[in-house]
Amino acid sequence: MSLHIKRGEVFALIGPNGAGKTTLFNNVTGLFQPTAGRVVFDGRDITGSKPHQVARLGIARTFQNIRLFDFMTCLDNVRVGRHVRMHATLWDSLFKLPRERREEEKTTEEAMDLLRFVGIAKHANQYARNLPYGQQRRLEIARALATDPKLLLLDEPAAGFTPQEKVELMQLVKKILTRGITVFLIEHDMKVVMGISERIVVLDHGEKIAEGSPDEVRKDSKVIEAYLGKSA
Amino acid sequence: MALGGMSLIDFLFYIICAAAVVLLAAQAVINPTAFVQITVFGLADGAMYALVALGYTMVYGIIELINFAHGDVFTMGGYISAAILGFFAINEQTFTAVNLVAILLVFPAVMLIMAAINVGIERIAYRPLRNAPRLAPLITAIGMSFVLEGVMFLWHGPASVHFPDILPHGPGFQTTIGGVFVTFKDGFVMVTAVFLVTLLAIFINRTKLGKAMRATAQDKDAAQLMGIDINRTIAATFFIGALLAGAGGMIWGLYFNNLFYNLGFRTGLVAFTSAVFGGIGNIPGAAIGGVLIGLIAAYSDSYIGSKWTEVVIFGILIGVLVFRPTGLLGMRVPEK
C-alpha cells in the first residue's frame with residue numbers, strides 16, 4: 001500500500017469502517033509510530049517523528065471526533081495553534097518583553113483573521129464547548145490552519161453535517177486550497193468526496209484497492225463491491 | 001433522595017458548612033480581638049500553604065499525578081536557602097543592608113535551584129513512566145519524597161534546623177492595632193505570596209508557555225499536533241511549581257526560623273488538602289484553598305485545640321472527597 005499526494009491537490013482516502021484510514025493519519029502525524037513503511041514529506045523522511053516536530057514541518061490535522069480545547073475560548077484555541085510559529089522565549093514570556101507583547105498582539109490578530117476565514121469570528125470569546133457542533137468543526141479547521149500547514153489532514157470533516165453545512169464545507173475547502181495548502185481528507189460522504197477531490201484512493205483492510213479520479217473510482221467494480229455495496 | 005432539588009449529600013454538606021460558619025461567627029462576636037488575631041495567623045500560614053498547593057494542582061492538572069515529593073521540594077527550598085544565607089554576613093539582631101541584599105539574592109537563587117531539582121526529578125522519576133498505569137508514577141512520587149527527606153536527614157540530622165532570623169523584627173517592626181498584634185513578618189509573608197500568585201496567574205493566562213500548559217492539560221494529542229512539545233511543557237510545569245515551592249520554603253524559614261527534615265510530609269499533605277479543597281487542577285482554587293485551610297487550621301488550633309487540627313484538616317479532605325470531589329471551584333479539567 002503506497003500513497004502519493006501532489007502539492008496543491010485535494011486528495012481523498014475512502015474505505016469502509018475499520019479499513020485503517022485514521023490509523024494512517026495517526027502514523028503520518030506521529031501519534032503512532034509506524035511498525036513498517038516510510039512517511040516522506042517535502043522530500044524528507046519524517047517516519048517516526050514526534051507530533052510536535054511533524055506540526056513544525058507543516059502538517060496539520062483535525063480529528064474524526066472533534067478534539068478542541070473545550071475550556072478555552074475559540075480565540076485561544078486558534079492562538080494555541082500559532083504556538084509552533086511563535087518565537088518568544090521563556091524569558092521574553094516571564095518578563096513580558098516588548099518583543100513578546102508584539103508577538104502576542106500579532107498572534108491575536110492572525111487568530112481573529114482565521115476565525116473570520118472559517119466564519120465564526122462572532123463567537124471568538126465563547127468557550128469552545130459551547131459552540132454548536134458544525135461550528136466546532138470549523139473551529140478545529142481554523143486551529144489546524146493556525147499552524148501554517150502545507151498539508152492539511154481532515155478526518156471526516158462532514159460527519160454529522162446537514163446538506164447545507166456540507167455545501168459550506170466544500171466551499172471552505174476550496175478557499176483553503178487558494179491559500180496554497182494541500183488537502184488530504186478522509187470522508188464517508190460520497191457527495192462531498194466526489195464534489196471536491198481531484199484524486200481518490202480506496203482502502204480496504206489496510207490495502208489499496210483503487211486509485212484515480214472521482215469518475216474512475218465510481219466505476220471501479222472492486223470499489224463498488226467493497227465499499228459502496230452491491231446496490232450502488 | 002432529594003430535598004428541594006438538593007441531594008441528601010449536598011444537604012449534609014451545606015449543614016456542616018453552615019454550622020461551622022455559625023460557630024465561628026459566635027466566637028467573632030464573643031471576642032472579636034482574639035478572632036481577628038487568629039485570622040492574621042491563619043492568613044500568614046494559608047499564604048504559605050497556597051504556594052505549595054499551587055505546585056500540587058499544576059502537576060495534577062497537566063499529568064494527573066499527585067506529586068507527593070512536592071512537599072519535600074518545599075522543605076529542601078528552606079534547607080538550601082538557609083545554607084546559602086550562611087555565606088552572607090547577615091545580622092540576626094537588627095535588620096541591615098546585608099540582610100536585605102541577602103534576601104533579594106537568595107530568593108531567586110533558591111527558586112531556580114529548586115526548579116532545576118524538580119525538573120531533574122520529573123526527568124528521571126516520572127517521564128519514563130509517562131505511559132505506565134497511573135499507580136506507578138504515584139508510588140514513584142512517594143519514593144521520591146523519601147529520597148528527598150533522606151537527603152535532608154543525612155545533611156542536618158533529625159533535629160530541627162535553625163533558619164536565620166533576618167527579616168525586620170523586634171519592637172520597631174510590630175504593632176498592636178485595636179488589641180491585635182501584627183508583625184512585619186505577617187505582612188511580608190502575605191504580600192510575597194500574593195505577588196508570586198499574581199505573577200503565576202499572569203503567566204498562565206497571558207504567555208505562550210502558559211497557553212501550551214493549558215492546552216496540554218486539556219488534550220495532549222491535540223496539543224502535540226499544534227506543535228507543542230509536551231515533554232517540555234510538562235517539565236516547565238514542574239519548573240514553575242518548584243519556583244513557588246522553593247520560595248515557599250524560604251518564606252516558611254524566614255517566618256518560623258525553624259525547619260526539620262520531614263516538615264514537607266505534613267505541610268505537603270496540608271497543601272494537598274488545600275488543592276483538593278479548592279478543586280484539584282484548578283489554579284485559583286489552590287490559592288483560595290490554601291488560604292482557607294490556613295484559616296481553618298488557625299481557628300481549629302484556638303477554638304478546638306491544636307491536637308485536633310490535623311483531625312479537622314484531614315476530615316475536610318475526606319469530606320471534600322466524599323461530598324464535593326470537584327472541590328469548591330471545580331476541576332478545570334474534567335475526567336475524560
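Which residues in H4(B) meet which residues in H9(B)? The model is predicted; local features need pLDDT of at least 70, side-chain atom pairs count only at pLDDT 80 or more, and totals for chains, interfaces and linings use all residues. Residues are numbered from 1 along each chain as its sequence is written, chains are lettered from A in the order in which they are written, and side-chain values use heavy atoms, without hydrogens and water.

In H4(B), B:Ile103, B:Val106, B:Phe107, B:Val110, B:Met111, B:Leu112, B:Met114, B:Ala115, B:Asn118, B:Val119, B:Glu122 and B:Tyr126 meet B:Ile234, B:Ala235, B:Phe238, B:Phe239, B:Ala242, B:Leu243, B:Gly246, B:Ala247, B:Met250, B:Ile251 and B:Leu254 in H9(B). Contact means heavy atoms within 4.5 Å. This contact has 20 nonpolar, 2 polar and 1 charged residues. The axes of H4(B) (residues 97-126) and H9(B) (residues 230-256) come within 7 Å and cross at roughly 135°.

Among the H6(B) residues in the contact are B:Phe188, B:Val189 and B:Leu196; H9(B) contributes residues including B:Ile240 and B:Leu244. By class, the contact has 11 nonpolar, 1 polar and 2 charged residues.

Helix H12(B) covers residues 309-323. Its buried residues (under 20% relative accessible area, 1.4 Å probe, protein chains only) are B:Thr309, B:Ile313, B:Ile316, B:Leu317, B:Gly319, B:Val320 and B:Phe323. Their cover includes H1 (8-30), H10 (263-278) and H11 (283-305) of chain B.

Conventions
Helix = DSSP H or I, 4+ residues; strand = E, 2+ residues; numbered from the N terminus. Expected span 1.5 Å × (residues − 1). Buried < 20%, exposed > 50% of the residue type's maximum accessible area, 1.4 Å probe, protein only. Axes fitted to C-alpha atoms, helices over the stretch in contact; angles between N-to-C directions. Nonpolar A, V, L, I, M, F, W, Y, C, P; charged D, E, K, R; others polar.
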